[in-house]
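Subject: Structure handover

Hello,

Here is the structure for you to look over. My notes on what turned up in it follow below.

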Amino acid sequence: MANTALPSRASIAGRLDELPFTRRHLRLLTGSGVGWALDAMDVGLISFILAALTQQWGLSKTDAGWIASVGFIGMALGATLGGLLADKWGRRQVFALTLLVYGVATGASALVGGLAALLVLRFLVGLGLGAELPVASTYVSEFAPARIRGRLIVILEAFWALGWTAAALIGFFVIPASDAGWRWAFALGAIPAVYALIVRWGLPESPRWLASRGRIAEADRIVSAFEADAGVIAEPAIRREPVSRAIAITARARLTTLWNAEFRVRTVCLWIVWLCVNFAYYGAFIWIPSILVDAGFDLVRSFGFTLIITLAQLPGYAVAAWLIEVWGRRITLSVFLIGSAVAAVFFGTSTTEAAIIASGMALSFFNLGAWGALYAVTPEIYPTSLRGTGAGWAAGVGRIASIIAPLAVPVLLVAGGAPVLFAVFGACFVAAAAAAWGLVDRGGVALDDR
């Protein structure tokens, strides 16, 4: 790591934080965001495909639940491994590899003829997808200037709404059009395989990660390119120095450090938030199309309702992106989680079309705003040497809840119907809001580059 006391120039981290927002930042945000949108499209598509396959293949609720859950099993494993690999190999390499894995597996899903093959491929899709999401947020956060870092991560998360909207459009126009509509939907999900090659060669590695590995010259070249784009006059080149501040070097050390006295409370609270939000979000949004079909709406109408509900995600992200730098991370996150809880209760008890759409849009608005805030705060609370590991394990543990949720929904629906189901989701949101106050709020503060 560079010696920050050197009189010749500021540290790599300090130079990144002092930059204005440049075209290179926009290119990096867009490049990462398109990958994020494609991820969302894949996750969103499965909710519509489940409703169609349940009718075509005569699937039971349990079978349909396993199609959703096996993907989340892969996501849990992918998130934990992806974070560790990102701290070892670099952010960009893992980002591109994971896009390639799940893009190819999604395209292959279009050719399956039975449940067993689909389950295997959905696991592989989840493996790639689970690794990509925490790596992408870590990657962007390490480039973002401190004063707008939270806002940029929420904007990155907003690409999720674009991807989910694309999934809703495909669900509405493509899937019901023919018996092979769901196959065409999967085929469209293969786009990430091509995009992975663009990501691999078009985006730079994180200078913070390079500097933490002692690769100062490479980090300097990347930061200098950003400075040139911003019209900043470079000072004399920094000298190469050995790694001196990293608090964890090996994978075992990174995992152990998550639980030392400094990070223990934030790790526990972060995992609780991820568990609760995953359970409520995936339990609700994976099943909403099917729940509406069971309520008596035909396939096209239920998909149309879901599309309208999905559109409320974008303003949710927009408001969260503004508030996160005004109110701070914890307040924004907890307010949006409480709003999600209230909206969930109203959705579960709605009976008219207007009430279903209004409460569903409110749930979409608050829940996705909360996701934006959560992705902003997660990589910030750990230092560079274990940032990928910390974010990846939080996401991986959260996926345990997303594995359970699709399987638990049919049981809860039988036990008490939609009111009980969405009351449980509301309770999860409240628990997450409480746990959010155990996190460290680093809004406007430089990242910890140890």
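Arg-329 counts as buried, at 1% relative accessibility. Buried here means under 20% relative accessible area, exposed means over 50%, and partly exposed is in between (1.4 Å probe, protein chains only). Arg-329 forms a salt bridge with Glu-380, and the closest N and O atoms are 2.7 Å apart. The cut-off for a salt bridge is a side-chain nitrogen of Lys or Arg within 4 Å of a carboxyl oxygen of Asp or Glu. The pair links distant parts of the chain: Arg-329 is in helix α16 (residues 329–349) and Glu-380 in helix α17 (residues 353–380), 51 residues apart. Helices are DSSP runs (H or I, at least four residues), numbered from the N terminus. Glu-380 is buried too, at 0% relative accessibility.

Before you go further: this is a predicted model, where local features need pLDDT of at least 70 and side-chain atom pairs count only at pLDDT 80 or more, while totals for chains, interfaces and linings use all residues. Residues are numbered from 1 along each chain as its sequence is written, and side-chain values use heavy atoms, with hydrogens and water left out.

Domains

The domain assignment gives domain 1 (9–232) and domain 2 (253–444). These bounds come from an automatic or database domain assignment. The C-alpha centres of the two domains lie 18 Å apart. Domain 1 puts 58 residues into the contact, and domain 2 puts in 56. Contact means heavy atoms within 4.5 Å.

How much area do domain 1 and domain 2 bury between them? About 4,700 Å², with 70% of it on carbon and sulfur atoms. Buried area is the accessible area (1.4 Å probe) that two parts lose on being put together, summed over both.

The rule finds 2 salt bridges across the interface of domain 1 and domain 2. Arg-149 and Glu-380 also meet in a salt bridge through their side chains (2.7 Å, N to O).

Salt bridges

The structure holds 15 salt bridges. One of them joins the side chains of Asp-449 and Arg-208 (2.7 Å, N to O). Asp-449 lies in the segment after α18 (387–435) and Arg-208 in helix α9, so the pair ties together parts 241 residues apart in sequence. Both Asp-449 and Arg-208 are buried.

Arg-450 forms a salt bridge with Glu-262, with the closest N and O atoms 2.6 Å apart. Arg-450 is in the segment after α18 and Glu-262 in the loop between α11 (251–257) and α12 (264–285), so this pair ties together parts 188 residues apart in sequence. Glu-262 counts as partly exposed, at 37% relative accessibility.

There is also a network of salt bridges, linking Asp-87, Arg-91, Glu-142 and Arg-387.

Ser-206 is in the loop between α8 (191–202) and α9. Ser-206 is buried, at 0% relative accessibility. Its side chain makes a polar contact with the side chain of Glu-142 (2.6 Å). Not counting residues up to four places away in sequence, Ser-206 touches Arg-91, Tyr-139, Glu-142 and Phe-143.

Ser-141 is in helix α5. Ser-141 is buried, with a relative accessible area of 0%. A polar atom of its side chain lies 2.8 Å from the backbone oxygen of Thr-138. Beyond four places in sequence, the contacts of Ser-141 include Arg-149 and Arg-387.

Ile-148 lies in the loop between α5 and α6. Ile-148 is buried, with a relative accessible area of 19%. Leaving aside neighbours within four places in sequence, Ile-148 is in contact with Phe-21 and Glu-325.

Best wishes

Definitions and conventions
Helix = DSSP H or I, 4+ residues; strand = E, 2+ residues; numbered from the N terminus. Polar contact = N/O pair within 3.5 Å; in protein donor to acceptor, adjacent residues only side chain to side chain.
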